[in-house]
Amino acid sequence: MQPSSRRIRRRRRAAALASVTLLTLVVSTSADSGRLPAGSATAAGPTATARPAALGPCMISGAVDVQLSEGIPTPPGYARSTGTVRALNLMVDFSDAPGRGSALDRYREFFPQTTRWFRTSSYGRLDYRPAAPVGDWLRMPKPFKAYGIERGAPFDPAYRKLVEDLVAVADPKVDFKAYDLLNVLVTPNAGPSALDTVLSVTFAGNAEAPVADGVPVANASFIYSRQDDGSGSYDKTGYRVLPHENGHVFGLPDLYTQDGGGAVGHWDIMSEDWGAGNDLLAWHKWKLGWLDDEQVACATAPGTTEHVLTPLPERGGGKLVFIPVDAKRGYAVELRTPGGNDEDVCKSGVLVYKVDADVDTGYGPINVVDSTEDSGGCTRSPNVHAELSDAAFAPGRQFKDAGAGIRIRVGETDGDGNQRVSVTRR
Ligand SMILES: [Zn+2]
């Protein structure tokens with residue numbers, strides 16, 4: 001059975017809506033109280049106070065009413081995305097959907113794969129420590145149907161009730177304040193199949209969430225069903241819904257839109273978490289604090305500047321050239337090759353994409369430039385957006401935005417696989 005792209009699209013939209021609903025809370029609470037300045041210890045991403053002034057113009061930001069923005073730095077309230085991050089995993093079931101088999105088998109659908117995915121993508125900077133302090137299914141006091149959980153359901157009232165009940169049931173065995181984020185791994189027989197409607201959702205930066213052991217359950221991902229796409233690769237890649245949902249916990253927006261994965265394709269797990277393994281865009285890695293500022297070049301100077309990019313999967317070296325267009329948007333340039341978490345790069349090269357910090361989650365904050373429009377793409381991998389799979393620019397090719405006065409030229413590749421790129425701006 002081959003799942004259709006239509007199914008994937010419907011699923012994606014659900015998560016986008018839920019994220020939008022929830023992040024409203026983030027904006028209103030931080031605007032009201034202003035308790036935590038950007039750069040505080042609880043902030044996600046590279047929010048150190050002293051950053052090179054040269055990068056300032058590339059630290060784009062959107063309007064305050066953008067709820068989940070590509071802007072840098074990520075506002076406070078989200079989970080930390082570097083160093084040791086402790087993830088509490090609770091497996092839950094219901095009287096009308098009793099857990100089948102061991103709860104720890106459900107846990108093992110996601111671990112250690114998720115830990116490894118983060119270690120690889122972050123070049124070792126995110127030390128993700130999952131824990132399952134309760135080895136059995138936690139039976140919720142009401143049937144699944146009674147919670148009214150549907151695709152796109154907002155936090156209130158359904159999820160508030162579920163979290164309150166979960167805290168009450170788990171609290172005797174769990175010290176909630178010992179963890180940075182919560183994964184609720186729901187028994188797969190609760191709710192519809194992921195191929196019909198995906199319920200998996202994250203509520204991030206939610207300071208108004210129910211309190212457990214003195215702290216709000218502010219960053220929580222809920223995982224339902226199984227993303228078995230029928231391609232026979234579920235055992236290998238089905239866990240990736242969790243790194244996607246945790247991406248929201250760290251402040252990343254959804255990159256798919258109502259039209260599916262056509263804006264970014266398979267180049268980022270926040271766009272497509274089905275199908276073959278994939279990584280994050282370099283922009284996201286910078287936002288999460290997984291690239292040093294020295295690995296990012298901010299191309300602001302008029303005239304031509306020369307840059308060297310190293311392949312994204314490799315540790316160290318220049319990873320991202322950003323060309324700001326204005327204070328809210330700009331072009332990002334990176335070198336994508338197979339390796340690391342990227343299993344299905346069928347055409348290596350320089351990926352160019354526009355980042356708009358003023359566009360909200362699910363509405364297309366990032367758009368990849370297709371170097372070969374209407375080619376049909378180079379991938380045959382199931383559930384990988386095909387058209388953009390050959391979007392990367394090969395040596396000798398160039399991209400031009402005449403209106404913005406920007407030209408990006410892809411130069412030669414050296415013997416080590418590094419890529420020269422020149423940027424010209426007026
Ligand atoms: Zn999402």
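The legends below describe close-up views of a predicted model.

**View 1. The pairing of β12 with β13.** Strand β12 (residues 329-336) is joined to strand β13 (residues 349-356) by eight bridges, and the two pair in the antiparallel sense. Within this pairing, Gly 330 has Val 355 of β13 as its bridge partner.

**View 2. The four-stranded open sheet.** Here the pairing is antiparallel and the strand order is β10-β17-β16-β15. The edge strands, β10 (303-309) and β15, each pair on one side only, and the twist from one strand to the next averages 15°. Inside the sheet, β16 runs antiparallel to strand β17 (residues 419-425), to which it is joined by six bridges, and Arg 409 stands opposite Ser 422 in β17.

**View 3. The hairpin of β15 and β16.** Strand β15 (residues 398-401) and strand β16 (residues 406-413) run antiparallel and are joined by four bridges, with Lys 400 having Arg 407 of β16 as its bridge partner. Four residues lie between the strands of this hairpin, in which Gly 405 takes a positive phi near 70°.

**View 4. The largest nonpolar core.** This core comprises 103 residues, and those that touch the most other members are Val 184, Leu 320, Val 321, Phe 322, Ala 332 and Val 350. Strand β1 (residues 83-93) gives the most to the core, with six residues. Domain 1 (5-35 + 79-249) and domain 2 (282-425) both contribute residues, so the core lies between them. In soluble globular proteins, nonpolar side chains tend to be buried together.

**View 5. The surroundings of Val 350.** When neighbours within four places in sequence are left aside, Val 350 is in contact with Leu 309, Val 333, Leu 335, Ala 392, Phe 393, Val 410, Gln 419 and Val 421. Val 350 is also among the residues that touch the most other members of the largest nonpolar core.

**View 6. Helix α6 and the glycine that follows.** Helix α6 (residues 241-249) is mostly covered, with nine of its nine residues buried; these include Pro 243, His 244, Glu 245, Asn 246 and His 248 as well as Val 241, Leu 242 and Val 249. After α6 comes Gly 251, which has a positive phi near 100°.

Terms used:
Residues numbered from 1 in each chain as written. Predicted model: local features only at pLDDT ≥ 70, side-chain atom pairs only at ≥ 80, totals over all residues. Pairing = 2+ DSSP bridges. Core = buried A, V, L, I, M, F, W, Y, C linked by C-beta atoms within 7 Å. Buried ≥ 20, exposed ≤ 12 C-beta atoms within 10 Å, placed from the backbone. Domains from an automatic or database assignment. Contact = placed C-beta atoms within 7 Å. Axes fitted to C-alpha atoms, helices over the stretch in contact; angles between N-to-C directions.
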